[in-house]
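Subject: Structure handover

Hello,

Here is the structure I said I would pass on. Please look through it first, then read the notes below.

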Amino acid sequence: MEIQRIDRANREAVDAFILRRWFTLQMVVHGESIDLGSADGFCVCEGSEIIGLITYRITGSEMEILSLDSLHESRGIGTALLNEAIARAKSAGCACILLITTNDNLAALRFYQKRGFDMVRFYRNALHEARKIKPEIPLIGADGIPLRHEIELERIL
Ligand SMILES: CC(C)(COP(=O)(O)OP(=O)(O)OC[C@H]1O[C@@H](n2cnc3c(N)ncnc32)[C@H](O)[C@@H]1OP(=O)(O)O)[C@@H](O)C(=O)NCCC(=O)NCCS
């Protein structure tokens, strides 16, 4: 599995991957609009194609994972990308890694909790506020579950 850091050479392909997956480079978390088009991260490539991507930002001693996407599930892509981000956080001297997911994303809640992350905060009806910035956020999320709340997870390093 070839993992590359996002750089000038692959930035266009990374942005195209995000747009195919999410239809926009703008992500809204805790009421903040974040441009994934300038975020750091790593991608997994198969030939010339990107098949997985993790993006993050580092503020002070915290890394925040902004997105994690795997096109071919259960092949170890998500784990490899997460491990790469953990190694980056440690080398940058971070004390913890944070991320926000939504109440409908049971796959992500399962994935992260099995990898040392714990739920630390709950933002009730955060999606209602997020829709004021990004009205296209759907009302119904994964598995037909109403998309309403943000859940923050943390892994201490
Ligand atoms: C969450 C997500 C990133 C996981 O990615 P993934 O590539 O399926 O992750 P992995 O393959 O590393 O791990 C998934 C499972 O497959 C298993 N697996 C890994 N390699 C495997 C292989 N070669 N054969 C069979 N199973 C394998 C892992 O053990 C893991 O199971 P576990 O969680 O019970 O330990 C993916 O489901 C996804 O893109 N979801 C949509 C976007 C999203 O919700 N992102 C997270 C919000 S930030």
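**The sheet**

Seven strands form an open sheet with mixed pairing, in the order β1-β4-β5-β6-β7-β9-β8. β1 (2-5) and β8 (118-123) are at the edges with a single partner strand each, so one side of each has no neighbour in the sheet. On average, neighbouring strands of this sheet are turned by 25 degrees against each other, direction ignored.

This is a predicted model, in which local features need pLDDT of at least 70 and side-chain atom pairs count only at pLDDT 80 or more, while totals for chains, interfaces and linings use all residues. Residues are numbered from 1 along each chain as its sequence is written.

On terms: helices (H or I, at least four residues) and strands (E, at least two) are DSSP runs numbered from the N terminus. Two strands pair if DSSP finds at least two bridges between them. Axes are lines fitted to C-alpha atoms, for helices over the stretch in contact, with angles from 0 to 180 degrees between N-to-C directions.

Strands β5 (residues 49-59) and β6 (residues 62-70) run antiparallel and are joined by eight bridges. R57 has E64 in β6 as its bridge partner.

**The ligand**

The ligand is surrounded by 18 residues (C-beta atom, placed from the backbone, within 6 Å). The closest are S70, E73, G76, G78 and T79. β6 gives the most to this shell, with four residues. At least two residues each come from β6, α2 (77-91), β7 (96-102) and α3 (106-113).

Regards
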